[in-house]
Amino acid sequence: MDLATTHTGTPVSRKPDKQKPGAAHQLSLRMIRVKHIVVALLLSIFFFFVFCFIALHAYIAWVLSNPTVAPLYSTPMIAKGLEYEDVTFPALDGSRTMQGWYIPSEGATKTIVFSHGYGANREETWVPMYDLAHYAHSLNFNVVMFDYGFASQTNKDIATGGKKESQQLLGAIKFAKERGASEIVVWGFSMGAGTALQAGLVTKDVDAMILDSTFLLEPDTLYHNIKQNINLPRQPSLEIMEMLFPVLNGTGLNQIPYSKVKKQDYAFPILFMHGTMDDKAPYPIAEELAANQSNPYSDSWIIEDSHHELLFREHPREYLRRVSAFLGNVQLAKSQENSQTSTASK
């Protein structure tokens with residue numbers, strides 16, 4: 001056998017096989033598909049978190065617009081032995097019927113209208129409203145206590161930061177006037193105080209206001225209160241809330257005249273009372289509002305270390321002393337006004 005010329009099997013090539021043209025194309029398509037899946041997954045995660053972020057703000061806006069309010073638990077007669085009437089009257093714009101109590105004082109021609117705060121009804125137990133109603137009655141004032149729409153026992157409405165509520169308060173003022181009041185004082189608390197200031201922009205039937213822990217719904221106070229419960233970034237949270245409010249309760253922040261209120265010099269005297277430890281309505285707002293007033297009988301009382309709507313509970317004697325002095329000055333101003341009107345008519 002010639003070993004030099006003998007070949008067995010297939011000759012082995014020293015060069016690698018060339019890759020088939022279709023294999024590279026398939027690999028490229030596979031990589032593109034993987035990239036698309038990764039991008040789609042990342043976008044899905046991103047939009048899921050965006051949805052959750054907006055849904056959280058929508059939930060906050062809905063809760064703020066629909067506060068939980070406890071039912072009435074007492075009456076002026078049960079609480080303080082005061083004779084009263086169950087009354088109804090329309091909001092000034094006719095949008096709804098309001099329910100309340102009228103506590104008459106024999107022979108009185110002056111009336112105090114209480115304007116309760118957010119998340120409460122006419123009783124507002126933590127103030128406590130019955131004690132102040134009894135005090136007002138002892139000063140020979142008729143008293144009107146009523147529920148805002150968001151606190152209604154029969155026909156609950158949404159809270160609008162004063163847009164609807166100011167019309168409801170104006171309806172209460174008109175009711176007091178129709179009952180013979182020649183002098184009307186609005187005594188407001190928290191958002192009820194902010195609502196009173198909004199009503200004061202358009203009425204000439206108010207002779208004075210007592211405002212306790214004034215809360216004015218504006219972007220700063222809205223964010224301040226949101227941050228008390230959940231640490232959300234100011235931007236874009238405020239922008240999202242401003243977008244959602246008109247959708248959820250029909251009222252945008254730009255429909256609340258907070259800028260006008262903060263610049264207004266009201267014709268009637270106002271007593272501002274506020275605590276430095278107020279965690280819902282920062283006290284510099286009350287200081288700013290008070291600084292704008294030129295009425296000689298307007299006054300302010302900023303109380304060190306006092307809390308939101310707890311001023312009377314924390315300083316009862318001084319609270320009533322200041323209210324009494326203020327109402328005395330209002331009486332003096334009213335007497336002077338009547339005297340001048342009488343002299344001019346002669």
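Visitor: How many salt bridges does the count come to?

Guide: Side chains of opposite charge can pair when their charged atoms come close. This is a predicted model. Here the count comes to 13 salt bridges.

Visitor: Which residue forms a salt bridge with Arg96?

Guide: Asp157 does, with the closest N and O atoms 3.7 Å apart. Arg96 lies in the loop between strand E1 (85-90) and strand E2 (97-103), and Asp157 in the loop between strand E4 (142-146) and helix H4 (163-178), so the pair ties together parts that are 61 residues apart in sequence.

Visitor: Are Arg96 and Asp157 buried or exposed?

Guide: Both Arg96 and Asp157 are buried.

Visitor: What about Glu288 and Lys262: how do their side chains meet?

Guide: In a salt bridge, at 4.0 Å from N to O. This pair links distant parts of the chain, 26 residues apart: Glu288 sits in helix H9 (residues 284-291) and Lys262 in helix H8 (residues 258-263). Glu288 has a relative accessible area of 36%, so Glu288 is partly exposed. Lys262 is at 17%, so Lys262 counts as buried. The cut-off for buried is under 20%.

Visitor: Where do Arg321 and Glu318 lie?

Guide: Both are in helix H11 (residues 316-345), three residues apart, about one turn of the helix. Arg321 is partly exposed at 48% relative accessibility, and Glu318 is partly exposed at 27%.

Visitor: Now pockets. What is the volume of the largest pocket?

Guide: About 730 Å³. Its lining has 32 residues, with Leu64, Tyr118, Phe215, Asn225 and Lys280 nearest the centre. Helix H1 (21-65), helix H6 (219-229) and helix H7 (234-249) are the elements that give two or more residues to this lining. H6 gives the most, with six residues. By class, the lining has 17 nonpolar, twelve polar and three charged residues.

Visitor: And what lines the second largest pocket?

Guide: The second largest pocket, of about 250 Å³, is lined by 13 residues. Asp207, Pro269, Asn295, Ala333 and Glu337 lie nearest its centre. The lining divides into seven nonpolar, three polar and three charged residues.

Visitor: Which residues does UniProt list for "transmembrane region"?

Guide: The unreviewed UniProt entry lists residues 37-62. Check the annotated span against the model. In the model this span is 100% helix and 0% strand, and its end C-alpha atoms lie 36 Å apart.

Conventions: Residues are numbered from 1 along each chain as its sequence is written. This is a predicted model: local features need pLDDT of at least 70, side-chain atom pairs count only at pLDDT 80 or more; totals for chains, interfaces and linings use all residues. Side-chain values use heavy atoms; hydrogens and water are left out. UniProt positions are given in the numbering used here, feature names are shortened, and annotations may be inferred rather than shown by experiment. Helices (H or I, at least four residues) and strands (E, at least two) are DSSP runs, numbered from the N terminus. Buried means under 20% relative accessible area, exposed over 50%, partly exposed in between (1.4 Å probe, protein chains only). On a 1 Å grid over the protein atoms alone, a cavity is a set of points where a 1.4 Å probe fits but cannot get out, and a pocket is an open set with protein on both sides within 12 Å along at least five of seven lines; lining residues have an atom within 4 Å of a point. Grid points are joined across faces, edges and corners, and a volume is the space filled by probe spheres set on the points. Ala, Val, Leu, Ile, Met, Phe, Trp, Tyr, Cys and Pro count as nonpolar, Asp, Glu, Lys and Arg as charged, and the others, Gly among them, as polar.
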